Amino acid sequence: SRQTRHDFSKESLRHETSPRSGVDVLTAAGCEITQWDSDDRVPKQELIKNIAGKDGLFCLLTDRIDRKVLDAAGPQLKVIGTMSGGYDHIDTGECKKRGIPIGYTPDVLTNATAELTVALLLATSRRLKEGMNAVVDGKWGTWSPLWLCGQGLDGATVGVVGLGRIGLAVAKRLQPFGVKQFLYTGNSPKEGAKEIGANFVDFDTLVKESDFVLGCCALTDKNKGLFNADVFKKMKKTAIFINTSRGGLVVQEDLYDALKSGEILAAGLDVTTPEPLPTDSPLLGLENCVVIPHIGSANMKTRCAMSELTARNILAVFNGVPMPCPLLV
Ligand code: DGY
């Protein structure tokens, strides 16, 4: 039998009749599926219990796939397919050691995530949260010249930390807003930067010179807590920080202090630590912090594509052919 999981609750499955969804693909291929059929995160014990003896694992970014899970699976585990572009939830080193290939879904979610990043940036820079709250709270007084004035993109310098697929797609979408220049940083210059005339700079230059600082890089052991008190201090007082990558990039207490003390102007976060962010998080009490619940790739077309691609990655390994989207082979 082969273990698979997918993320659609019964409720959403009712709407999700497309034969392209991952479960349909696996079922059609004759796989026997053991599935955690809930929107709640699968409890670790449940995963450990059910993965025993399975050939493949279809997992989500909320499933921590570590040595314990791999041990519980047993040596017959042939492949892990994660329905995500990020893979910080998987112990890739351990999979490599054991020769377990991993498939993931980066390309199909680029457009949706880039679109959401732009939405979050605009919501934050144009102070939509404050505006909406003011309307609901009866604080909408007479039209006034300076009330709720935000920061525009016209003439701005936008710094992208990690000009990968998503970073580049975000920059391309921001270009028509009249951005003056794009800066980017990362391990090495990127070919795609030419398309938007972006300049490769060191991290310090980027955070000092950008009006908008966008976290678009994958989370690794090296960049954990990259955005900390020192970095926020270097940013412009008018800087806006956006993170749609992983919450682990940010030292959240430091971000809170920077926002509270006016070291930076505002922040927009689609990702936090932990997720869900507890409702008593001090970040939620700040007018200049917009937090949304990790919905970067959340449109139906994208999620179906991610689900289907995950299934096809798994099947490819079962069938002894190259995965359409391998992370580790
Ligand atoms: C991913 O796939 O890693 C994204 O964070 C989901 O939107």
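User: Is Trp140 buried or exposed?

Analyst: In this predicted model, Trp140 is found in the loop between helix H7 (128-136) and strand E4 (157-161). A residue counts as exposed when its relative accessible area is over 50%. Trp140 has a relative accessibility of 60%, so the class that applies is exposed.

User: Which residues make the nonpolar surface patch of about 480 Å²?

Analyst: Residues of such a patch must have over 30% relative accessible area. Trp140, at 60%, is one of its members. The nonpolar surface patch of about 480 Å² is made by Val135, Val136, Trp140 and Trp147.

User: Which element gives the largest share of the largest nonpolar core?

Analyst: The largest nonpolar core has 27 residues, and those with the most contacts inside it are Val158, Leu174, Phe182, Phe212 and Leu214. Two or more residues of this core come from each of helix H6 (110-125), E4, helix H8 (165-174), strand E5 (181-185), strand E7 (212-215) and strand E8 (240-243). The largest share, five residues, is given by H8.

User: Which residues of H8 are buried, and what covers them?

Analyst: Gly167, Leu168, Ala169, Val170, Ala171 and Leu174 are the buried residues of H8. In an α-helix there are 3.6 residues a turn, so residues three or four places apart point the same way. The cover over the buried residues of H8 includes H6, E4, E5 and E7.

User: Which residues does Leu174 touch, leaving aside residues up to four places away in sequence?

Analyst: Leu174 is among the residues with the most contacts inside the largest nonpolar core, and Leu174 is buried in H8. Not counting residues up to four places away in sequence, Leu174 touches Val118, Leu121, Leu153, Val158, Val179, Phe182 and Leu214.

User: How many residues are in the second, separate core?

Analyst: This second core is separate and includes Val161, Met235, Leu255 and Leu259. Its residue count is 26.

User: How many disulfides does the structure hold?

Analyst: A disulfide requires two cysteine sulfur atoms within 2.5 Å. The closest cysteine sulfur to that of Cys59 is in Cys95, and because the distance is 8.9 Å, it is too far for a bond. For Cys304, the nearest cysteine sulfur belongs to Cys325 and is 17 Å away, and Cys304 is in no disulfide. The number of disulfides in the structure is zero.

User: Are Cys59 and Cys304 buried or exposed?

Analyst: Buried means under 20% relative accessible area. Cys59 has a relative accessible area of 0% and therefore counts as buried. With a relative accessible area of 6%, Cys304 is also buried.

Technical notes: Residues numbered from 1 in each chain as written. Predicted model: local features only at pLDDT ≥ 70, side-chain atom pairs only at ≥ 80, totals over all residues. Heavy atoms only, no water. Patch = residues over 30% accessible without salt bridge, like charges linked within 9 Å, V, L, I, M, F, W, Y side chains within 5 Å. Areas by Shrake-Rupley, 256 points an atom, 1.4 Å probe, with all protein chains shown as cover. Salt bridge = Lys/Arg side-chain N within 4 Å of Asp/Glu carboxyl O. Helix = DSSP H or I, 4+ residues; strand = E, 2+ residues; numbered from the N terminus. Buried < 20%, exposed > 50% of the residue type's maximum accessible area, 1.4 Å probe, protein only. Core = buried A, V, L, I, M, F, W, Y, C linked by side-chain atoms within 4.5 Å. Contact = heavy atoms within 4.5 Å.
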